[in-house]
Amino acid sequence: MNRDEWYDLARDLDWTLSYVDEKQAFPDEWTGAGNIPPSAWPDWDEPFRASYREYVRVQREKDAGAYAVKEAFKRARGFDRLDVGHQAAAMLHMGAVAMVEQMAVHMEGRFARFAPSPRWRNIAVYGMLDEIRHAQLNLSFSHDLLKQAPQFDWAVKAFHTNEWGILAVRHFLDDTLLGSSCVDSAVVTNLTLEHGFTNMQFVAFAAAAMDAGDVSFSNILSSIQTDEARHAQQGFPTAAILARFDRKRAQDLLDASFWRSLRLFHLLTGPAMDYYTPLALRKHSFKEFMTEWIVHHHLRVLEDMGLMKPWYWDQFMLSLEHGHHAAQMATWFWRPTLWFNPCAGVSRAEREWLVEKYPGWEDSWGVLWDEIIRNLNAGNMGKTYPETLPGLCNLCQLPLGTALDRHHLRPYTTTYGPRLYHFCSEPCQWIFGLDPERYAGHMNIVDRFLAGQIQPMNLEGTLAWMGITQDVMGNDSFQYRWAKEYAR
Amino acid sequence: MAGPQLFPIYGRFVGDFVPHLVSALTSDTMPEIAEKVAVHSVGRRLPARWAGRYEVLLDGKVIPDQVTLGELVAERRLPPLSWFDVRWRE
């Protein structure tokens, strides 16, 4: 028999339960079916139509290629010859992403067991195996580089620490990868985060890594991206069915996850693209990348589902001008709290590029960097370091002020129960309000500091609490050499 | 009578890009609050001004210098981490 003759029968394999009630085997809080009737799920379909035999053959070939390139790159000590900006981007990526892949194994495993359609459960098994492969590839790549750079230990360690950026990543991804129903996770993770954001990011990062000479990292990213493109497809039929039966829930999920994904991209992707990538290798700015790939894609998805643009669209477009510049300044200024050395990326030539891409950059950001540069050149190093914590958002966990710029900074607060909550933006405040019980009990780092959980209550105590050790503690990646040209 | 109590606030120096966690005391007057907020921004990311003086704003209104944080907290029932703005007095 050829595949088309047996495939639908095999993937639709299901049976009528007799020992337990359907609702006991597939509880609603796990499936997330909600208002969707059982009769809707036979419409759930995905286009890849993979069989297990084909899947294993293709994955074996992919792994053989990825590991061969990685081994050759390791033997040639290729990483040592890379620009330090690219090295920093690789360290950031591995620390922030390797364990996310491992968390995604759990999400796909949840689909494989509890998804309300046998077709979905079938392809989720491949998704689960994909994510195991991705975690292992990232860990293996990082393990190879441990002798050259202890920062790669953070590929495993980061998610077992309280480092602030990692807590921000976890706040969103613990929620959707580990703590949400199948329907919610598929819409939030597969459709919005994977297909909408990271799929494109991996394509762009793979190209940038290849240009920078990091053949191994590029190859791994490309190999992972081919899997993501397949298993991210779980999001489309799920969102389409949800939109048909519960339009508001679909719209809210997409709107909330789009903003939460954006905030992580402000933190992780924007600085890497616009500040860490060597100037000569930059092809697109973060804003251009987002506008061309992410915005276009998301609008098409919404149109296909018959849904509207997020209500905060104007704020989103404005945040593309500022959010990642704010995250760049925050990460560089609070650099001892990072597990890698960040690039400042504001030499004169880099500033010219930034102004060309973001005409308002000097007024929003350049004037702040000017004071930092004055202190660097005057030897006032103490003034280039923080002496306290920034205010933090009670939703995205990122510093207040990092969604926009200094001209748009204002408080967004909600009183819920006995306490006051602060938000970086109106969308974060709105997401909190969608399900306040889900978020109200979470303490951000400022809350924990004030509750006495961080001792001693100073910078040293905070760094120790975050798991930052001397061998990885962040410092300027170019040892401030870029600032010297301003002294002339 | 109880002495001064620690009272954490978020302080934003107008012109900077983030507010900061500031450990204030209920006995602090507004100039003292202003100094505690400004130290994290002025001379770090914003240039200092020769002989410049500050003023403190709550909900967009300037608070008189002689008022203490404790009085404000009691009068307006302010919760911890209330947001204060500090700016140059023109």
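**Exercises on a two-chain model**

In chain B, strand 1 (residues 6–13) and strand 2 run antiparallel, joined by 6 bridges. Strands here are DSSP E runs of at least two residues, and helices are H or I runs of at least four, numbered from the N terminus. Two strands pair if DSSP finds at least two bridges between them.

The model is predicted: local features need pLDDT of at least 70, side-chain atom pairs count only at pLDDT 80 or more, and totals for chains, interfaces and linings use all residues. Residues are numbered from 1 along each chain as its sequence is written, with chains lettered from A and ligands numbered from 1 in the order written.

**Exercise 1.** Find which strands stand at the edges of the chain B sheet.

*Solution.*
- Write the order: 2-1-5-3-4, an open sheet of 5 strands with mixed pairing.
- Read off the edges: strand 2 (20–25) and strand 4 (61–62) of chain B each have a single partner strand, so one side of each lacks a neighbour in the sheet.
- Check a bridge: Phe7(B) partners Ala24(B) in strand 2 of chain B.

**Exercise 2.** Describe the contact from the side of chain A.

*Solution.*
- Count: 24 residues come from chain A and 21 residues from chain B. Contact means C-beta atoms, placed from the backbone, within 7 Å.
- Locate: helix 14 (313–333), helix 16 (361–378), strand 2 (419–423) and helix 19 (445–450) of chain A each give two or more residues.
- Classify: the chain A side has 14 nonpolar, 4 polar and 6 charged residues. Nonpolar covers Ala, Val, Leu, Ile, Met, Phe, Trp, Tyr, Cys and Pro; charged covers Asp, Glu, Lys and Arg; the others, Gly among them, are polar.

Technical notes
Contact = placed C-beta atoms within 7 Å.
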